[in-house]
Amino acid sequence: SGHTITVLPVPSSFQGKRWLPAQSLTIEAVLNRPDTPLVVGDPINRVVTLKGTGVTAALLPELNFDDTNLARLYIDQPVVEELASNQGLAAESVVTIGIVPTTAGTLALPEIEVYWWNTEDLRQEVAVLPGVNLAIGAAPLATPTLSPPSATLPRKDDNAEILMLRQQLQWALWAAV
């Protein structure tokens with residue numbers, strides 16, 4: 001009455017860092033950003049969802065998000081759920097990355113690859129989240145407060161006129177003596 005289970009080894013051709021057998025696997029992202037052109041300091045959220053069928057939540061890998069010198073990244077803990085579906089077990093991991101650009105230029109969010117083993121077709125596959133390039137403008141400068149022009153300081157031209165008047169006055173006095 002015993003059952004025999006055949007456990008296959010991880011195929012030597014598998015390239016992923018972490019063994020991930022599944023019936024299907026998808027990765028997608030939503031970018032929440034201001035409607036206006038992006039500038040330094042604008043907060044952006046990238047919500048990345050990794051979904052697998054025929055896989056437990058424990059097997060879903062934690063995704064790596066590379067640091068960049070053009071922005072600060074704030075990575076939340078992934079929210080992982082396991083769901084029972086008609087196809088069997090399914091799992092989903094959702095991670096939110098807060099991005100605050102610190103420098104003007106092109107902010108490149110690199111593509112993310114997740115290698116997985118297709119248990120239906122018995123072959124390695126890779127789920128790819130395409131990279132995104134965001135144009136970041138310089139932050140608008142605060143409008144400087146204009147100080148009113150000072151009326152008390154004579155301009156240079158005025159000084160020259162005063163000097164000429166003085167000289168004329170002195171000549172007139174000298175001539176009168």
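Does leucine 122 count as buried or exposed, and at what relative accessibility? Leucine 122 is exposed, at 57% relative accessibility, where buried means under 20% relative accessible area, exposed over 50% and partly exposed in between (1.4 Å probe, protein chains only). The model is predicted: local features need pLDDT of at least 70, side-chain atom pairs count only at pLDDT 80 or more, and totals for chains, interfaces and linings use all residues. Residues are numbered from 1 along each chain as its sequence is written, and side-chain values use heavy atoms, without hydrogens and water.

Leucine 122 lies in the loop between β8 and β9; strands (E, at least two residues) are DSSP runs numbered from the N terminus. Its phi is positive, about 55°, although the residue is not a glycine. Most residues other than glycine have a negative phi.

β8 and β9 also belong to an open sheet of 3 strands, ordered β1-β8-β9, with mixed pairing; two strands pair if DSSP finds at least two bridges between them. β1 (21–22) and β9 are at the edges with a single partner strand each, so one side of each lacks a neighbour in the sheet. β1 and β8 run parallel and are joined by 2 bridges, and proline 21 stands opposite tryptophan 117 in β8.

The largest nonpolar core has 27 residues, such a core being a set of buried Ala, Val, Leu, Ile, Met, Phe, Trp, Tyr and Cys residues joined through side-chain atoms within 4.5 Å. β6 gives the most to this core, with 4 residues. Ile27 is among the residues with the most contacts inside the core. Beyond its neighbours within four places in sequence, isoleucine 27 is in contact (heavy atoms within 4.5 Å) with residues including Val48, Leu63 and Val114.
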